[in-house]
Every structure is written in C-alpha cells, then in structure tokens.
Amino acid sequence: MKKETRRVKASLAAGAAAFSLVLVACGGTDNGSEARGDANSGDSEVSGDITLLTPIYEGNEGKQLLEEELLPQFYEQYPEVTVTVDYTNFGSLNEKLTTAVASGLVPDVMMMGVGWIEAFASNGVLADLGEHGVTIDELSGDFTPEILEGGVWEGDLYAVPIMLDTRFGIARKDILAEAGFTEPPGSFEELREYAIALTERSDSGELERAGFDLLSMDLRQMYEVFLFANGGSLFNDDYTEPAFNSPEGVEALQFLVDLVQEDEVEDIGFSSTDIDVHPLLNGRAAMAVGHNNLWIQLQEAAPELADELMPFSITGTQPGMFFGGTLATVSSGSSHPEAAMALVEFLAGEEAALAANEQRGNVPARTALLDSEYVQSNPLVQFAMENLDVAQREGGVPQWLEIRGDFTPAVESALLGQKTAQEALDDLADGARAAMDR
C-alpha cells in the first residue's frame with residue numbers, strides 16, 4: 001500500500017466513531033426491527049447480515065484493501081454486522097442490478113454510477129437516506145452542490161458520493177513550448193489555433209501527431225465536456241425535454257466536426273478508446289480531453305513526463321468539466337437498514353473513501369480531502385478537485401441508462417460526415433423523447 005493508504009488503517013476507527021454519532025442521533029426505523037446504539041452502549045445493537053454490491057475494489061489489491069483493511073475496521077465499530085461482498089465491474093453492473101431487482105434479491109448496499117440514481121430511485125428500489133437521518137443539508141458542507149446533486153432525485157437524497165471520474169483538457173507542456181505556447185488554450189478559438197499549429201504530418205500527408213486528440217476518449221463524455229463549456233445542457237431545467245440539440249449543443253458538436261473535417265487535427269482511426277498507451281504519453285498527441293487517472297498510466301509508461309502534463313479547463317462561454325463517479329446507496333427493502341446505513345456512511349467517510357480513491361487513481365468526492373497527501377501529489381486529481389465548482393454531470397432523467405448508449409454513434413455520425421451536427425443531435429433527441437415517453 002502507498003503511504004496515504006497505510007495511514008488510513010490507523011485513523012479509520014476514529015472516522016467510524018464519528019459516523020456512529022449520526023446513527024445515534026437518527027433514532028430508530030419505522031419498523032423498529034433494529035435499535036441504534038447510543039453514546040454509552042456503543043454500536044453493538046446495530047446488527048444483521050448484509051450484502052454489498054460494488055464495482056470498485058477490483059483485483060487483488062482492491063479486494064485486499066476492502067477485506068483486510070476496511071471491513072475489519074468497520075467490524076470493530078459494528079461487531080454484530082456481517083458483510084458479504086459481491087464484486088463486479090461497471091460493464092456488468094447495470095445487468096446485475098436489473099437482475100437483482102427482477103428477482104427481488106436486491107443487495108442491502110449498492111454502489112452505482114452518477115446518472116444511475118434516477119432510474120433506481122424512481123422505481124422505488126433505493127431508500128430515501130433522509131429517512132435514516134442523512135440529509136442534503138447535513139452533507140452540504142462536505143461536498144460541492146454539483147457533486148451532491150448526483151445522489152438526489154426529486155429533492156430527496158438517495159446516495160452518498162464516494163469517488164469521482166472527471167474529464168478535462170490535458171496538454172503536453174513541452175510540445176506546446178516547441179510551438180511557442182506557454183499557457184493552455186483559454187477559449188474554443190485558441191484551442192483551434194493551438195490544435196492546428198501542433199498537428200504534424202509527414203511529407204506524404206500521413207498524420208504523425210494530433211494537435212488535439214478526440215478519439216481516445218469516449219465520444220459521449222468528450223462531447224459533453226464541450227457541450228457544458230459552451231453553456232449547453234443535456235436536458236431542460238425540469239428534465240422534461242432533451243436540450244443537447246439546442247444551438248449551444250449543435251455549436252459544440254460542430255466545433256468538434258470542424259476540428260476533424262476542416263482543420264484535420266486528427267484523422268478518424270488515428271486513436272481509439274482501446275489503445276494501450278494514451279497518445280499524450282507517446283507523443284502522438286499534443287492535447288486531449290483526458291481522464292484524471294491518466295496519472296497512473298504515466299507512472300507506469302512514461303514517468304519522465306511527470307512535469308510535462310498540464311491540465312486545463314475546456315473553455316467556451318464558460319469553463320467545462322465532466323464528472324461521473326461512484327455513489328453508495330441502500331436498498332429500500334433491506335431487512336437490516338441500520339446496518340446498511342452504517343456501512344454506507346463508513347465507506348463514504350473521509351478515510352475509507354480516500355483509500356478507495358487512491359487505489360483506483362480517482363478523485364475524492366469530499367472537498368476536505370483536497371489537502372490530503374494523495375491529492376497534493378497527483379496534479380490531475382488536484383486540478384479536478386480545485387475545479388469541481390465548474391464540473392457538470394450526466395443523467396437527470398430515469399431513462400438516462402437507456403438514452404446514453406445512443407450518444408456515441410450520434411457524435412460519430414457527425415464526425416464522419418454522415419450527418420450534419422444538427423441532424424445527428426435532432427435524431428438523438430427524438431430517440432431520447434421516445435424513451436422518456438415510454
């Protein structure tokens with residue numbers, strides 16, 4: 001374990017004790033099946049065998065962190081609780097959750113992505129955490145409003161954020177310097193100017209370096225960064241209509257189309273989401289929209305570039321940054337809601353969440369963790385945390401899990417010139433309306 005993670009073990013007990021105060025203050029549940037502990041008796045009265053479904057803590061290192069470090073600390077605080085863990089990944093998570101709901105065997109605690117809460121909360125699968133004493137007001141001092149909103153449905157809190165996945169601009173300082181640029185681009189116009197100047201082709205016209213790499217990032221998320229930066233939104237304010245085909249949304253997509261079709265800063269097929277080494281690290285790109293965990297790949301593939309990566313906000317009419325992430329929820333049908341809540345609060349607490357983020361190279365959701373050694377030593381994670389106030393998320397409607405899969409083909413059709421930007425987004429909006437009307 002890294003230094004920060006080793007320190008977690010010593011301080012988790014104190015964090016768990018602090019969470020127990022919330023449990024004490026909340027009183028019993030409606031069914032009265034379990035009693036919360038009090039300040040004198042401890043937490044031994046919180047009991048039950050519960051299940052945890054999680055797409056994080058992958059691999060041997062993740063499993064060791066959860067089972068050998070975190071859960072033993074949780075058991076010290078709640079000795080009458082037993083946790084059975086079901087490991088999965090985000091590729092299989094939706095299928096697992098859907099199957100669990102259909103079978104009636106819903107895990108007591110479920111971790112799911114930003115944009116997923118609306119679907120499961122609207123179907124009554126998730127417990128309103130406010131009924132268990134964890135409220136939006138209580139957590140508002142620990143998270144930025146934009147992050148906390150990811151766990152809210154119709155004004156009620158259904159999930160607590162644990163970690164974030166962010167997308168923002170990343171540039172190679174050394175490559176920019178060769179072209180005379182000392183600062184990252186501060187507008188769409190500057191980004192285009194930089195990208196054209198930084199693109200390199202052979203004498204035969206073959207692309208050798210993309211001035212701006214669009215293709216190694218999921219096209220949905222890449223487009224959303226530019227949509228948000230151009231003042232656009234996925235849906236209208238009351239989430240009754242798609243809004244990504246607004247003039248702002250069309251303009252954002254057209255900007256990307258022009259980079260490829262007119263400016264030729266990257267060729268279709270030059271990169272993809274399946275590449276082993278990101279093009280920023282092997283010099284095949286000067287700038288890109290990147291993921292905060294690129295720092296982990298840098299440490300393994302090109303540590304000599306540690307001082308050359310420069311994060312920046314994609315800026316149109318405003319700075320834009322995308323965030324997804326992982327949140328913890330409780331089943332509305334849990335037989336042991338007290339124990340499930342105790343586990344959610346423990347895993348979402350500062351120390352346990354910090355350990356989980358460090359293991360994955362992700363961005364802690366809690367603002368207090370900006371000062372942690374892990375964040376301060378990772379410039380991409382640090383940049384993300386320092387700019388969470390401009391970050392925007394996916395989702396907002398219960399049908400988002402159905403709608404989101406159509407974004408990448410729509411954006412791709414525009415980049416390939418098969419449809420205009422307006423046509424691509426209008427067709428996408430028609431499909432979204434149909435899903436929302438079902």
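Residues are classed by relative accessible area: buried means under 20%, exposed over 50%, and partly exposed in between (1.4 Å probe, protein chains only). The structure is a predicted model, in which local features need pLDDT of at least 70, side-chain atom pairs count only at pLDDT 80 or more, and totals for chains, interfaces and linings use all residues. Residues are numbered from 1 along each chain as its sequence is written, and side-chain values use heavy atoms, with hydrogens and water left out.

A salt bridge was assigned where a side-chain nitrogen of Lys or Arg lies within 4 Å of a carboxyl oxygen of Asp or Glu. The count comes to 16 salt bridges. One of them joins Asp174 to Arg172, with N to O at 2.8 Å. Asp174 is partly exposed, at 24% relative accessible area. Arg172 is buried, at 7%.

Helices (H or I, at least four residues) and strands (E, at least two) are DSSP runs, numbered from the N terminus. Arg192 pairs with Glu262 in a salt bridge, and their closest N and O atoms are 3.6 Å apart. Arg192 lies in helix H8 (residues 188-198) and Glu262 in the loop between helix H10 (247-261) and strand E9 (287-291), so this pair ties together parts 70 residues apart in sequence. Arg192 is partly exposed, at 26%. Glu262 is exposed, at 55%.

A further salt bridge links the side chains of Glu241 and Arg433 (2.8 Å, N to O). Glu241 sits in the loop between helix H9 (219-229) and H10, and Arg433 in helix H18 (residues 421-437), so the pair ties together parts 192 residues apart in sequence. Glu241 is partly exposed, at 33%. Arg433 is also partly exposed, at 26%.
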